[in-house]
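Please walk me through this structure.

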Amino acid sequence: MQIWVDADACPGVIKDILYRAATRTQIMLTLVANQPLRTPASPYIKSLQVPAGFDVADNRIVELMAAGDLVITADIPLAADAIKKGGYALNPRGMLYTEENIRETLSMRNFMADLRSSGVETGGPPMFNQRDRQAFANQLDRLLAQH
């Protein structure tokens, strides 16, 4: 198993949890972003810079990942692609996307996007908080313990 991170929008506290987990478990962690990233010096942590552009990082992750790999992302279409390829997808707030819930989650995302494009003010996601961080860490630990 390798861990791939959609790093452009990933909160710093989540990256810190991932850095510690990669080093502790000796699992390869790759952060993919369209800007340079500073990562801790570790043989288990690397970053990959891709050109700027719509879905460039997402497409690169799907291209490079293998079945059984874990993708960290809040991007629901990327999560769906990772699951389709046989991987796991975990939201930075701790939600594990699965074959059972990804279709409904994708439908809700598309519905909300349609509302926003028609001018309805839907608001954004709630502020990232300690509970989100803990939920992520717990779910990550469960996944890593299985592999």
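**The chain as a whole**

Of the 147 residues of the protein chain, 37% count as buried (under 20% relative accessible area; exposed is over 50%, partly exposed in between, with a 1.4 Å probe and protein chains only). This is a predicted model: local features need pLDDT of at least 70, side-chain atom pairs count only at pLDDT 80 or more, and totals for chains, interfaces and linings use all residues. Residues are numbered from 1 along each chain as its sequence is written, and side-chain values use heavy atoms, with hydrogens and water left out.

The protein chain has five helices and six strands. These are DSSP runs, numbered from the N terminus: helices are H or I with at least four residues, strands are E with at least two. Along the sequence the order is β-α-β-β-α-β-α-β-β-α-α. The radius of gyration of the protein chain is 15 Å, close to the 15 Å that the globule rule gives for 147 residues, so the chain is as compact as a globular protein of that length. That radius is taken over C-alpha atoms, and the rule is 2.2 Å times the number of residues to the power 0.38. The C-alpha trace spans about 50 × 35 × 30 Å along its principal axes.

Now the contacts (heavy atoms within 4.5 Å). Among those in the protein chain with a separation of 6 or more, 48% join residues 24 or more positions apart.

**Two packed helices**

Two packed helices are described by the angle between their axes and the distance between the axes. Take H1 (residues 12–25) and H5 (residues 130–145): they pack at an angle of about 25°, with axes 11 Å apart. Axes are lines fitted to C-alpha atoms, for helices over the stretch in contact, and angles run from 0 to 180 degrees between N-to-C directions. H1 and H5 are therefore roughly parallel to each other (under 35 degrees; over 145 is roughly antiparallel, 65 to 115 roughly perpendicular, the rest oblique).

Which residues in H1 meet H5? Val 13, Ile 14, Ile 17, Leu 18, Ala 21, Arg 24 and Thr 25 do. Their partners in H5 are Arg 133, Phe 136, Ala 137, Leu 140, Asp 141 and Leu 144.

At 15% relative accessibility, Gln 139 counts as buried. Not counting residues up to four places away in sequence, Gln 139 touches Leu 90, Gly 94 and Leu 96.

Asp 58 sits in helix H2 (residues 56–64). Asp 58 is buried, at 10% relative accessible area. With residues up to four places away in sequence not counted, Asp 58 touches Asp 6, Asp 75 and Leu 78.
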